[in-house]
Amino acid sequence: MTLRRLRLDVRELAPEDRALLSPLLTSLPREVLRRLRLLVRPDTVLRWHRDLMRRRYARTCQPKRPGRPPTVRSIRALILRLARENPGWGYRRVHGELTTLGIKVAPSTVWEILKQADVDPAPERASTTWADFLRSQANALLACDFIETITLNGQRQYILAVIEHTTGRIRVLGTTAHPSADWVTQTIRNLVMDLEEAGCRARYLIRDRDGKFPALMDEILTEAGIKTVITGIRIPRMNSTMEWWVQSCRTNFSTAASSGTNATYGTPYANTNASTTSTEPTKP
């Protein structure tokens with residue numbers, strides 16, 4: 001079949017026909033193409049050939065996966081390690097450290113990796129709530145407070161008690177009408193000795209900002225390996241465990257006092273010469 005005798009309509013040329021004709025005609029010089037009787041112009045044949053080459057190289061150069069290539073696994077592991085070992089670093093700081101190491105990663109890529117790994121933003125990772133502190137250190141927490149009471153004869157008494165967060169064990173350290181600094185200091189010394197004998201490994205003691213607690217008390221606890229944690233101003237819920245026990249005592253013993261039993265008005269009865277004792281709390 002010669003090209004001169006080809007009797008086909010242009011509208012009947014399928015892509016297969018164009019793919020066959022374009023390599024055959026493209027190899028001929030343009031002057032020869034102009035002398036041939038073709039159904040199409042020489043420029044059209046050349047355009048067919050260019051389209052054929054474009055589609056061929058487009059298929060070979062097409063990536064296996066569309067979109068941006070995934071980040072190298074070692075770089076991803078390094079980003080997660082930097083974020084977990086440095087809770088105060090955000091994705092911008094992590095990106096800066098990677099740039100210092102010569103690793104080229106976009107800040108948005110760092111943010112996306114942290115988000116996929118469920119790593120919270122820096123402010124949320126660096127901050128610790130009071131509830132998280134109580135839960136994480138429950139086995140090593142003590143709480144103390146003064147209980148002000150009025151006995152049946154009208155005398156005002158101050159009871160110093162300590163509660164263990166884990167077991168709920170109550171230690172009534174003593175009661176006095178004049179809670180001086182010397183009395184509180186000696187009471188805390190007795191508490192430290194009692195904890196050592198009982199094998200209690202307390203690390204924190206929560207107390208409020210009552211002026212009856214002297215500074216020497218904190219020094220004695222520090223020497224014993226117990227850190228004093230002072231609650232906020234007018235935030236009794238920070239010492240909620242102790243406040244719950246005090247409230248339960250007020251409720252139970254006020255009921256007992258109104259019924260005529262031997263109890264103080266609104267608070268538990270305590271002997272002024274009582275030594276360190278222990279009792280289990282009861283819910284109201």
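Me: Which residue forms a salt bridge with Glu 164?
Reply: This is a predicted model, where local features need pLDDT of at least 70, side-chain atom pairs count only at pLDDT 80 or more, and totals for chains, interfaces and linings use all residues. Residues are numbered from 1 along each chain as its sequence is written, and side-chain values use heavy atoms, with hydrogens and water left out. A salt bridge here is a side-chain nitrogen of Lys or Arg within 4 Å of a carboxyl oxygen of Asp or Glu. With the closest N and O atoms 3.0 Å apart, the partner of Glu 164 is Arg 171.

Me: Is Arg 171 buried or exposed?
Reply: Buried means under 20% relative accessible area, exposed over 50%, and partly exposed in between (1.4 Å probe, protein chains only). Arg 171 has a relative accessible area of 1%, so it's buried.

Me: Which residues are linked in a network of salt bridges?
Reply: Besides its bridge to Glu 164, Arg 171 forms one with Asp 194, the closest N and O atoms being 2.1 Å apart. Arg 171 sits in strand S3 (residues 170-176) and Asp 194 in helix H9 (residues 181-198), so the pair ties together parts 23 residues apart in sequence. Strands (E, at least two residues) and helices (H or I, at least four) are DSSP runs, numbered from the N terminus. The network is made of Glu 164, Arg 171 and Asp 194.

Me: How far apart are the closest N and O atoms of Asp 51 and Arg 54?
Reply: Both residues belong to helix H3 (residues 42-61), and being 3 residues apart they're separated by about one helical turn. Arg 54 counts as exposed, at 53% relative accessibility. The closest N and O atoms of this salt bridge are apart by 2.6 Å.

Me: What are the rings of Phe 146 and Phe 213 to each other: stacked, edge-to-face or tilted?
Reply: Rings of Phe, Tyr and Trp (its six-membered ring) pair if their centres lie within 6.5 Å; planes under 30 degrees apart are stacked, over 60 edge-to-face, the rest tilted. A search of the whole structure turns up 1 aromatic pair. The centres of Phe 146 and Phe 213 are 5.1 Å apart with planes at 45°, so the pair is tilted.

Me: Where is Phe 213?
Reply: Phe 146 lies in strand S1 (residues 141-150), and its partner is 67 residues apart from it. Both Phe 146 and Phe 213 are buried. Phe 213 is in the loop between strand S4 (204-207) and helix H10 (215-223).
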